[in-house]
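I opened this entry to keep a record of what I looked up, starting with the ligand and then going residue by residue.

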Amino acid sequence: MSDRVAGDETSVLVASDGAAVAIPERLQNRVAIVTGGGHGLGRAYATRLASEGAHVVIAELDRDAGESVAAELRERGLTASAYGTDITDAAALETMVSSVVEAHGRIDILVNNAAMFSRVPMSRSLFDAIEPDEWDRMMSVNLKGTWLACRAVVPEMRKRGYGKIINISSGTAFKGMTTRIHYVTSKAGILGYTKVLARELGADGITVNCVAPGSTLSEEAPDAATLAFRKDATGDRAIPRVQVADDLVGAVAFFASADSDFITGQTLVVDGGSYMH
Ligand SMILES: NC(=O)c1ccc[n+]([C@@H]2O[C@H](COP(=O)([O-])OP(=O)(O)OC[C@H]3O[C@@H](n4cnc5c(N)ncnc54)[C@H](O)[C@@H]3O)[C@@H](O)[C@H]2O)c1
């Protein structure tokens, strides 16, 4: 997490370790929706996009958390708003999109971050101990919710002939991981989804890319077991340390900015060099 302390053509932020970091303001006049931006990694993406000049809309199941992040950003002199939105609810997504367009006139960026993961927890069980209802719920949030969010937002992007969609997969889709086959399957689905949508929307000036995070310490108050679990992931990394949210925000901001306008259908694995391809 970072605080803006000064700004001109670049913002100067103070990162969580206290270091000053110069951030370019590539997203001036852009409107960005971050699903699930009330907690964890989504909150970090929202903060970074706002720091680069975007108006950030947090579309979040946990309405209070979304509003609290938006208020925090506004207190820092950034611009943000929040909507209580369930991404599995097509009507709720359309209402949110209409409100955003009415208030801001456009939508340029969509970060499909919301998922069943930690805040909305999943069971961690072997493949034959996962309940069918939970399998369906996982696909409904992580895959169908991503598709529904795109369906709601893309017409607005098409109107302007410009848009940036950033999907969130997971390093586990490349490496496999026991005890969460439903989650990993959903995140593997996001890889194919990204490629098809990129091909369907390229002519509309809309890029569709994907970020696949490695195991990241995203929990707000991690207990000892969570810390140990995140530390375990450092073993096979070229950069052998715990991954934090700040390690991911640059990749998302890059795909959200005009710097990536000729890049589409790509997945960037951000995991400290654990999976290499
Ligand atoms: N943290 C990691 O190690 C890691 C690794 C790889 C990928 N990811 C992915 O990154 C994303 C964020 O992960 P995180 O660690 O911040 O998880 P998290 O559980 O803390 O955050 C997910 C957010 O999505 C929201 N959400 C859940 N269901 C929703 C719905 N139906 N509608 C709207 N919002 C909903 C939650 O309220 C929460 O704010 C997820 O897509 C996750 O799969 C995380």
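**Entry 1: the ligand and its polar neighbours**

I began with R230, and found that a polar side-chain atom of this residue lies 3.3 Å from an oxygen atom of the ligand. I keep in mind throughout that this is a predicted model, so I write each distance down as a computed value. Going on to the backbone, I noted that a polar backbone atom of S118 is 3.0 Å from an oxygen atom of the ligand. On the nitrogen side, I found a nitrogen atom of the ligand 2.9 Å from an N or O atom in the side chain of D86. I then looked up how far the ligand is covered: taken alone it exposes 830 Å², and the protein buries 98% of that.

Where does the ligand sit? I found it in the largest pocket. When I asked which elements give two or more residues to the shell around the ligand, the answer was α1 (40-51) and α6 (181-201).

I also looked at the make-up of that shell. In total, 28 residues surround the ligand, and the closest are E60, R119, Y183, T216 and S218. Sorted by class, the shell holds 11 nonpolar, 12 polar and 5 charged residues.

Is T35 buried or exposed? Its relative accessible area is 1%, and because buried means under 20%, T35 counts as buried. I then checked what its side chain reaches, and found the backbone nitrogen of N113 at 2.9 Å and the backbone nitrogen of A114, also at 2.9 Å.

S170 came next, and I located this residue in the loop between β8 (163-168) and α5 (172-175). With a relative accessibility of 5%, S170 counts as buried. I noted as well a polar contact of 2.7 Å that joins the side chains of S170 and T172.

**Entry 2: backbone angles in two loops**

N29 has a positive phi of about 70° although it is not a glycine, and I placed N29 in the loop between β3 (20-24) and β4. Its relative accessibility is 63%, and since the cut-off for exposed is over 50%, N29 counts as exposed.

T179 also has a positive phi of about 70° without being a glycine, and I found T179 in the loop between α5 and α6.

**Entry 3: separation in sequence and in space**

Here I compared positions along the chain with C-alpha distances. I started from A149, which has its place in helix α4 (residues 132-160) and is buried, with a relative accessible area of 3%. A149 and A59 are 90 residues apart in sequence, and I read a C-alpha to C-alpha distance of 10.0 Å between them.

For G250, which lies in helix α8 (residues 246-256), I noted a relative accessibility of 30%, which makes this residue partly exposed. How far apart are the C-alpha atoms of G250 and I23? They are separated by 9.5 Å, while the two residues are 227 residues apart along the chain.

I then moved to A203, in the loop between α6 and β9 (206-213). At 83% relative accessibility, A203 counts as exposed.

The last pair I checked began with T88, which lies in the loop between β6 (79-84) and α3 (90-104). T88 is partly exposed, with a relative accessible area of 21%. In sequence, T88 and A44 are 44 residues apart, and in space I found them 22 Å apart, C-alpha to C-alpha.

Notes
Residues numbered from 1 in each chain as written. Predicted model: local features only at pLDDT ≥ 70, side-chain atom pairs only at ≥ 80, totals over all residues. Heavy atoms only, no water. Near = heavy atom within 4 Å. Polar contact = N/O pair within 3.5 Å; in protein donor to acceptor, adjacent residues only side chain to side chain. Areas by Shrake-Rupley, 256 points an atom, 1.4 Å probe, with all protein chains shown as cover. 1 Å grid on protein atoms, 1.4 Å probe; cavity = no way out; pocket = protein on both sides within 12 Å on 5 of 7 lines; lining within 4 Å. Sits in = over half its atoms within 2 Å of the grid points. Helix = DSSP H or I, 4+ residues; strand = E, 2+ residues; numbered from the N terminus. Nonpolar A, V, L, I, M, F, W, Y, C, P; charged D, E, K, R; others polar. Buried < 20%, exposed > 50% of the residue type's maximum accessible area, 1.4 Å probe, protein only.
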